[in-house]
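Please look through the structure below and follow the paragraphs that come after.

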Amino acid sequence: NETVQTRQTVWAHINALPALYFVQCGRKSCPVPWIMFESENPIAMVFTASEYALTAAKSMIEDGENVRVVGLPTNAASMYMTAIAAQGVSEVCFDHGPQRFDASMDEVLMSLDSLSRF
């Protein structure tokens, strides 16, 4: 059972990072954030390191040459996530893989907002 304390620890770790990483697909001129579908639910894919992002993308996206990893400082990441949420994506997966951490978009935005108070 995931405790509140465990989640707070994870958020503290995420918030301490200099950047969050996103995979973008498609042409550079009109990149699309990588959204994965699990049982019909769209899930935004977010990574805490560019290597994780690249590894996951290469293992799951067929068209590898049209994939880019973009690192955004946390306040920009928060705005990027807000834009993804506006498209109806309500779940987020951090570091897809054995150590993945899932959260609702609301929780992510609340946690990221609490740190962009500069």
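Isoleucine 61 has a relative accessible area of 15%, so this residue counts as buried. The model is a predicted one. Leaving aside residues up to four places away in sequence, isoleucine 61 touches Val23, Cys25, Trp34 and Val67. Leucine 20 is 41 residues from isoleucine 61 along the chain, and the C-alpha atoms of these two are separated by 20 Å.

How many disulfides does the structure hold? The structure holds zero disulfides. Cysteine 25 is in no disulfide, and the nearest cysteine sulfur to its own, that of cysteine 30, is 11 Å away. A disulfide needs two cysteine sulfur atoms within 2.5 Å. The sulfur of cysteine 30 has its closest cysteine sulfur in cysteine 25, and at 11 Å that is too far for a bond. Are these cysteines buried or exposed? Cysteine 25 has 18% relative accessibility and so counts as buried. Cysteine 30, at 38% relative accessibility, counts as partly exposed. The cut-off behind this is that buried means under 20% relative accessible area.

The aromatic rings come next. The structure holds five aromatic pairs. In one of them, the ring centres of tryptophan 11 and phenylalanine 101 are 5.5 Å apart and the ring planes stand at 80°, so the pair is edge-to-face. This pair links distant parts of the chain, as tryptophan 11 belongs to helix H1 (residues 4-16) and phenylalanine 101 to strand S7 (residues 101-104), 90 residues apart. Both tryptophan 11 and phenylalanine 101 are buried. Ring pairs also bring in Phe94, so that Trp11, Phe94 and Phe101 are linked into a cluster.

The last topic is the pocket. What volume does the largest pocket have? The volume of the largest pocket is about 160 Å³. Its lining includes Thr48, Tyr52, Thr55, Ala56 and Ser59. Asp95, His96, Gly97, Pro98 and Gln99 also line the largest pocket. Sorted by class, the lining of this pocket has three nonpolar, six polar and one charged residues.

Technical notes
Residues are numbered from 1 along each chain as its sequence is written. This is a predicted model: local features need pLDDT of at least 70, side-chain atom pairs count only at pLDDT 80 or more; totals for chains, interfaces and linings use all residues. Side-chain values use heavy atoms; hydrogens and water are left out. Rings of Phe, Tyr and Trp (its six-membered ring) pair if their centres lie within 6.5 Å; planes under 30 degrees apart count as stacked, over 60 as edge-to-face and the rest as tilted. Helices (H or I, at least four residues) and strands (E, at least two) are DSSP runs, numbered from the N terminus. Buried means under 20% relative accessible area, exposed over 50%, partly exposed in between (1.4 Å probe, protein chains only). On a 1 Å grid over the protein atoms alone, a cavity is a set of points where a 1.4 Å probe fits but cannot get out, and a pocket is an open set with protein on both sides within 12 Å along at least five of seven lines; lining residues have an atom within 4 Å of a point. Grid points are joined across faces, edges and corners, and a volume is the space filled by probe spheres set on the points. Ala, Val, Leu, Ile, Met, Phe, Trp, Tyr, Cys and Pro count as nonpolar, Asp, Glu, Lys and Arg as charged, and the others, Gly among them, as polar. Contact means heavy atoms within 4.5 Å.
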